[in-house]
Amino acid sequence: MRAGPAGPERPAGAGLYLHVPFCRHRCGYCDFNTYAGLDEQIPRYVAALRADLVRVAAGGPRAVAPPGSGAGPAWPVFTSVFVGGGTPTLLPAADLAGLVRLAGQVLPVADDAEVTVEANPETVTVDSLAVLAGAGINRVSIGAQSFAPRVLAFLDRRHDPRAPLRAVEAARAAGIARVSLDLVYGAPAEDDADWRDALDAAVGAGVGHVSAYALTLEPGTPYARRVRAGVQAAPDDDVQAVRMRVADERLAAGGLERYEISNWARPGSRCRHNLTYWTGGDYLGVGAGAHGHWAGRRWWSLRSPSRYADAALAGDRTTAGDEVLDAATRRTERLMMGLRLSDGVPRERVVPVDEDQVRLLLGAGLLDDDGTRLRLPPRARPLAGDVTARLAVCP
Ligand SMILES: C[S@@+](CC[C@H](N)C(=O)[O-])C[C@H]1O[C@@H](n2cnc3c(N)ncnc32)[C@H](O)[C@@H]1O
């Protein structure tokens, strides 16, 4: 591993995302590219992921950048690795550790890179996490979702309400200092007290980072089918707006600062990997259905784990599709993602913007502009999409 730039809140560098598309069971609300009941495919998939990682790394940036982008032959330093899913911690810990070690051998991963593994609470122990820590994994993102039994049941979660807290303790005992908890709010089974309890539990656990997402109804999921059949209710927008405000108040009171619409962190604990996404940075995505972005080219891999493994093990490209973004689209995307951040977006990254709209939005109190950065004031955060659409200049 190589040295990277210092400082906990430094600008994000290049990132590496590795996808593990297996879960013990599917939660009813989830439409991520993940599968239950395919555990027998895990060893072959791990071999494929390793082969694909080696192939992508050997190709260098010129193989992933758009033609004419001026990309050099050498990779820049990678400041983050994120193993997501699915449930990466369904893999044997030695396999997960081996993947992360391999990344550091084939890519210039910084010595102080943020290396995160997503985990379901019931799939980790002090021993398994110690194996991960030994391979340089220094951050765990635990899917708690809720601490209320009836909400967990509504969401089809199988872990007991205290399992996320045990997982946090296990991470600490294994020497993994940086822990994040994922929470979901606004499930119809949840009441105000359930949500306050979840926030207080996250703060009480002393974690440095919390992601809190409004439950969304994703087409094609079991949850969407149950709503259509009248068996379960859909989330209520007004309730979710109130819950989001409560999250902001309670997490801020607990010392966590909101730095993105759905993310809160203690000082020094912002997620560097996600900051790479939100600031329009470059990242490789390796694994079934993984997305990558490099210098304005975006690509995505074969979604089916078995087809992905067939291609990777044959030494073939695993890419299912790609697109090269034009300058105006890149600017609009940077604006859209940058306005989700409390720090906003540097003007130089998004100009030209519609200056008439800037004046109108400033007058309406829906935008801040200090001459170098554009930001959304807190009351305009729910309107990030509308503000982006007004500011964007199309060619
Ligand atoms: C795909 S999961 C992977 C993590 C892990 N397998 C777990 O379930 O805890 C990543 C996160 O996405 C969020 N998520 C997935 N589907 C969602 C939905 N429909 N609405 C809101 N959040 C969702 C959850 O908070 C979850 O922790």
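Reader: Where is aspartate 156 found?

Author: The model is a predicted one. In this model, aspartate 156 is found in the loop between α4 (149-154) and α5 (163-173).

Reader: What makes aspartate 156 count as partly exposed?

Author: Aspartate 156 has 15 C-beta neighbours inside 10 Å. A residue is buried at 20 or more and exposed at 12 or fewer, so aspartate 156, with 15, counts as partly exposed. Its phi is near 65°, a positive value in a residue other than glycine.

Reader: Which phi does glutamine 145 have, and why is glutamine 145 called buried?

Author: The phi of glutamine 145 is positive, about 70°, although the residue is not a glycine. Glutamine 145 has its place in strand β6 (residues 139-145). There are 27 other C-beta atoms within 10 Å of glutamine 145; the cut-off is 20 or more, and therefore this residue is buried.

Reader: Why is arginine 225 called partly exposed?

Author: Arginine 225, found in helix α7 (residues 222-228), has 13 C-beta neighbours inside 10 Å. The exposed class ends at 12 or fewer and the buried class begins at 20 or more, so a count of 13 makes arginine 225 partly exposed. The C-alpha atoms of arginine 225 and valine 83 are separated by 30 Å, and the two residues are 142 residues apart along the chain.

Reader: How do you know that α1 and α2 are roughly parallel to each other?

Author: The axes of helix α1 (residues 42-59) and helix α2 (residues 93-106) cross at roughly 10° and come within 10 Å. Angles under 35 degrees count as roughly parallel, and therefore α1 and α2 are described in this way.

Reader: Which residues meet where α1 and α2 are in contact?

Author: From α1 come Val46, Leu49, Arg50, Leu53, Val54 and Ala57, and from α2 come Asp95, Leu99, Leu102, Ala103 and Val106. By class, this contact has 9 nonpolar, no polar and 2 charged residues.

Reader: Which residues of α1 are buried, and what covers them?

Author: The buried residues of α1 are Tyr45, Ala48, Leu49, Arg50, Asp52, Leu53 and Val56. What covers them includes β1 (14-20), α2, β11 (283-286) and α10 (305-313). As a general point, an α-helix has 3.6 residues a turn, so residues three or four places apart point the same way.

Reader: Which peptide bond is cis, with omega near 20°?

Author: This is the bond from glycine 85 to glycine 86. Glycine 86 lies in the loop between β4 (78-85) and α2. A cis peptide bond also joins valine 351 and proline 352, with omega about 0°. Proline 352 is found in the loop between α12 (347-350) and α13 (355-363).

Reader: At what angle do the axes of α13 and α14 cross?

Author: The axes of α13 and helix α14 (residues 384-391) cross at roughly 145° and come within 8 Å. Gln357, Val358 and Leu361 of α13 make the contact with Val387, Arg390 and Leu391 of α14. These residues divide into 4 nonpolar, 1 polar and 1 charged.

Reader: Into which domains is the protein chain divided?

Author: The chain is divided into domain 1 (14-278) and domain 2 (327-391). Their C-alpha centres lie 28 Å apart. The contact takes 6 residues from domain 1 and 7 residues from domain 2. On the side of domain 1 that touches domain 2, strand β9 (residues 257-260) gives the most, with 3 residues.

Methods: Residues numbered from 1 in each chain as written. Predicted model: local features only at pLDDT ≥ 70, side-chain atom pairs only at ≥ 80, totals over all residues. Domains from an automatic or database assignment. Contact = placed C-beta atoms within 7 Å. Helix = DSSP H or I, 4+ residues; strand = E, 2+ residues; numbered from the N terminus. Axes fitted to C-alpha atoms, helices over the stretch in contact; angles between N-to-C directions. Parallel < 35°, antiparallel > 145°, perpendicular 65-115°, else oblique. Nonpolar A, V, L, I, M, F, W, Y, C, P; charged D, E, K, R; others polar.
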